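Visitor: I have a model open and some questions about it. Can you take me through it?

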Amino acid sequence: MIRSCRRYSTGVEALIKTPLYSVHVEHGATLVPYANFAMPVLYKGQSHIESHNWTRSKVGIFDVSHMLQHRVKGNSAAEFLQKITPSDLKALKPFTSTLSVLLNDKGGVIDDCIITKHDENEFYIVTNAGCRDKDTSFIKEEISQFGNASHENFEGTLLAIQGPQAAETLQKFTNLDLTKLYFGNSAFAKLEGFTSDVIHIARSGYTGEDGFELSIPVDSEGLEFTKALLELEQVKPIGLAARDSLRLEAGMCLYGHELNEQTTPVESSLNWLIAKSRRTPKTAGFNGSENILSQLENPKSVTFKRVGIQSKGPSPREGNKVYSFEEPDKQIGVVCSGSPSPTLGGNVGQAFIHKPHQKAGTKILIEIRNKKREAHVAKLPFVAPKFYKPE
């Protein structure tokens, strides 16, 4: 239950600016240090709750250019990626994506990532900003064992367009038929009025809403496209505050909170990330597979796992201790993340909790501001996802 990756830098000196920095300034953003970048937490004239609700009802755009983009190529690319993740990338179809995790030799999570397969020997990966140096070092070291695979990082505008009106909004700017682009799929396309035809459009996101993430390699085009979006009345820029509450309502993990190097995907309740085709000693072969397979085969050996929590009153925060409701002096877990829920009212959060207190509806106590307050375990996600999938 140890956190191993800081989200925030220790000072405000020499912060990195994303290609959309001028947009943040123009729209009155409150900028904060986040993983050594100057990032918007709120925008002028929008509260956290208003930003959150706008994304749930219209279109919110998020600058995620601080995240690190990677290309892995070569005849051994899939083999390499299957060594460091538990995914079945050989079975993944071209231009489809999967959430995955980079694993250390104990099965702990070095980082979570999105992997997109462009063809049998080429993959596009996005990892977290706060783990840039660690991830790059890890990948370089691991790939050195594979002679026919190469890796490179690259920068550019990375923009998330999220909300129930995201598709009709983006469709105004592209001839790509978005009705045929389902959640987890992607394509290279051109944006109307711009010259680049290598813009990567993925139907994806971190809010639980329908939406897209666009990788735009030419920074000037990314900036002008973002400005064009913000001229539309249904579109507003959204900052980190709402991004966190949106992902919490959607039951999604944040590295350094629900994921860390001491915790396996099984303990983080992400069993589904481990491909079914890779759950035997013969087919596994990924880092930490012995430990992870043992946990899958012997669920009783997993003493704690990630669960949802709900409460009223002051919001639980990372590090708050969780106690048994029946035995108030007995600590049974720790809060990973928590936030007020604009959609549901009250608070939502996630926690690592020990058996036998993990069942939805179980009453618990959370120590907040030196007082133990009543809460309960809840099923994830709190808000049902609205991903666009085939009927």
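Guide: One term before the strands: two strands pair if DSSP finds at least two bridges between them. Helices (H or I, at least four residues) and strands (E, at least two) are DSSP runs, numbered from the N terminus. This is a predicted model, so local features need pLDDT of at least 70 and side-chain atom pairs count only at pLDDT 80 or more, while totals for chains, interfaces and linings use all residues. Residues are numbered from 1 along each chain as its sequence is written, and side-chain values use heavy atoms, with hydrogens and water left out.

Visitor: OK. In what sense do β4 and β8 pair, and over how many bridges?

Guide: β4 and β8 (residues 150–154) pair in the antiparallel sense, over five bridges. In that pairing K73 stands opposite S150 of β8.

Visitor: And how many bridges join β4 to β7?

Guide: Six, and β4 and β7 run antiparallel. There L68 is set opposite T127 of β7.

Visitor: Moving to α3. How many of its residues are buried?

Guide: Six of the eight residues in α3 (residues 77–84) are buried, so the helix is mostly covered. Buried means under 20% relative accessible area, exposed over 50%, and partly exposed in between (1.4 Å probe, protein chains only). The buried residues are A77, A78, F80, L81, Q82 and I84.

Visitor: What covers the buried residues of α3?

Guide: The cover includes β4 (68–73), β5 (96–103), β6 (109–119), β7 (122–127) and α4.

Visitor: I clicked on E142. Where is it found?

Guide: E142 is in helix α4, which spans residues 132–143.

Visitor: Why does E142 count as buried?

Guide: Because its relative accessible area is 12%, under the 20% cut-off.

Visitor: Which residues does E142 touch?

Guide: F80, K83, I84 and N287, leaving out residues up to four places away in sequence. Contact here means heavy atoms within 4.5 Å. F80 and I84 are also among the buried residues of α3.

Visitor: Next, E213. What UniProt annotation covers it?

Guide: The UniProt record, an unreviewed entry, gives E213 the annotation "binding site". UniProt positions are in the numbering used here, feature names are shortened, and annotations may be inferred rather than shown by experiment. E213 sits in strand β12 (residues 211–216). Not counting residues up to four places away in sequence, E213 touches L159, A160, H200, I201, A202, S204 and G205.

Visitor: Cavities, then. How many does a search of the whole structure find?

Guide: Five of 30 Å³ or more. The largest cavity has a volume of about 100 Å³. On a 1 Å grid over the protein atoms alone, a cavity is a set of points where a 1.4 Å probe fits but cannot get out, and lining residues have an atom within 4 Å of a point. Grid points are joined across faces, edges and corners, and a volume is the space filled by probe spheres set on the points.

Visitor: Which residues line the largest cavity?

Guide: The lining consists of S97, I114, T116, Y124, V126, L158, H200, A202, S204, E213, L214 and S215.

Visitor: What is the phi of A35?

Guide: Near 55 degrees, a positive value in a residue other than glycine. Most residues other than glycine have a negative phi, and most peptide bonds are trans. A35 is in the loop between β1 (30–34) and β2 (37–42), and A35 counts as buried because its relative accessible area is 8%.

Visitor: And S269, what is its phi?

Guide: Positive, about 60 degrees, although S269 is not a glycine. S269 is in the loop between α7 (240–249) and α8 (289–297). At 24% relative accessibility, S269 is partly exposed.

Visitor: Last one: where does UniProt place the "domain: Aminomethyltransferase C-terminal" feature?

Guide: The unreviewed UniProt entry puts it at residues 305–383. Over that stretch the chain is 0% helix and 54% strand, with the end C-alpha atoms 20 Å apart.

Methods. On a 1 Å grid over the protein atoms alone, a cavity is a set of points where a 1.4 Å probe fits but cannot get out, and a pocket is an open set with protein on both sides within 12 Å along at least five of seven lines; lining residues have an atom within 4 Å of a point.
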